[in-house]
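User: I would like to learn how to read pockets and strand pairing in a protein model. Can we go through one example?

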Amino acid sequence: MRPVDTYVQTLIKEVSAVRAALPSTITMGRLHLGGGTPTMLSPETMNTLLSALFDAFDPSDDFEFSVEIDPTEASEPLLQTLIDFGMNRASIGVQDFAPDVQAAIGRLQSLEQTTTVLDFLRAAGLKAINLDLLYGLPFQTEDSFRQTLAHVVDMNPDRLAIYGYAHVPWMSKRQVLIKAETLPDTQQRFELANIARDTMLAAGFAAIGIDHFAKPTDSLYKADQAGTLRRNFQGYTDDQSETLIGFGASAISRFRGGYQQNAVATSAYQERILGEGFAAHKGYEMSDTDTLLSAMIEELMCRFHLPTKSLQTQFPEHAQLIRQTAIALMSRYTDVFSINS
């Protein structure tokens, strides 16, 4: 048995243990396969995993099933397996199409590979497609990034995430080989971000939060317009659930009262599952102040304003902290900060 198949068997044991600990009325509003490269699984292994998940949790009425897809390893039989299980949103990693940029980050992915996957998914009836890009990559220039964005516009996705590359070689071993002098400087990163924004707006996308773009037909745009946009570990979302359960090594779960993270190392994760059935390694219980600060951060990230009156109504014991925070923000960000009372 391949190591990845052994890992999936452990993952299924975790799903079973968590399901047994939850009320029978719990349903699954969102299922997201990601945090890595789920498309590395064989169709048979993916079938086994998804069968276990759907046996454990019934989908809700507004269920969304999204998968992060790497076009360089996503076979058509695997994609068909995902579609057969009801995948209704695909998130396809692009990063950048410039060959020298791809070589520098160790991710060779041709335009043809990407469009082939897109064509297959659309021919199979998938209507919701996301693309993920990065700016600030090594050797990335304004001209090369414009070319990548032109390809993306031609691909006609429904939603885009365009993140700024974070160079943290002390945390990511793969980044050690990337030389800092090949990276755009702060001003160049700013210009690349503006190019992305201008290009997407001109192509009919709406800016969502700080790093997402969506068409008016997309559910993220509709949530933004309705004032219900939220931010979680997957980025911006229209999911209103207060509970997010993460399965697998290093997965983070979010509950109303705080956070919990599974053991990070695969070996430690597997040992915990085989021993106790649960993989939690550490957690954080949120205080009332933490909950308030979380709400304030989400408002700023999603709507770029601070609803002081509604926050004071929700957290009356922290009215003074809310007022002090608003004053501090206005003092520091005079030109961009606003209060919605």
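This is a predicted model: local features need pLDDT of at least 70, side-chain atom pairs count only at pLDDT 80 or more; totals for chains, interfaces and linings use all residues.

User: What volume does the second largest pocket have?

Analyst: Rolling a probe the size of a water molecule over the atoms shows where empty space is left. Here, the volume of the second largest pocket is about 450 Å³. The pocket is lined by 18 residues, and those closest to its centre are Tyr135, Ala193, Arg197, Ile210 and Asp211.

User: Which element supplies the largest share of the lining of the second largest pocket?

Analyst: Helix 7 does, with 6 residues. At least two lining residues come from each of strand 5 (159-164), helix 7 (186-202), strand 6 (206-208) and strand 7 (212-214).

User: How many residues of the lining are nonpolar, polar and charged?

Analyst: The lining of this pocket has 11 nonpolar residues, 4 polar ones and 3 charged ones.

User: Now the strands. In which sense do strand 10 and strand 11 pair?

Analyst: A general idea to start with: in a regular strand the side chains alternate between the two faces of the sheet. In this model, strand 10 (residues 252-255) pairs with strand 11 (residues 258-262) in the antiparallel sense, over 4 bridges. The two form a hairpin, with 2 residues between them.

User: How many bridges join strand 11 to strand 12?

Analyst: There are 5 bridges, and strand 11 and strand 12 (residues 280-285) run antiparallel.

User: Which residues pair with Gln260?

Analyst: Gln260, in strand 11, stands opposite Ser253. In strand 12, its bridge partner is Gly283.

How values were computed. Residues are numbered from 1 along each chain as its sequence is written. Side-chain values use heavy atoms; hydrogens and water are left out. Two strands pair if DSSP finds at least two bridges between them. On a 1 Å grid over the protein atoms alone, a cavity is a set of points where a 1.4 Å probe fits but cannot get out, and a pocket is an open set with protein on both sides within 12 Å along at least five of seven lines; lining residues have an atom within 4 Å of a point. Grid points are joined across faces, edges and corners, and a volume is the space filled by probe spheres set on the points. Ala, Val, Leu, Ile, Met, Phe, Trp, Tyr, Cys and Pro count as nonpolar, Asp, Glu, Lys and Arg as charged, and the others, Gly among them, as polar.
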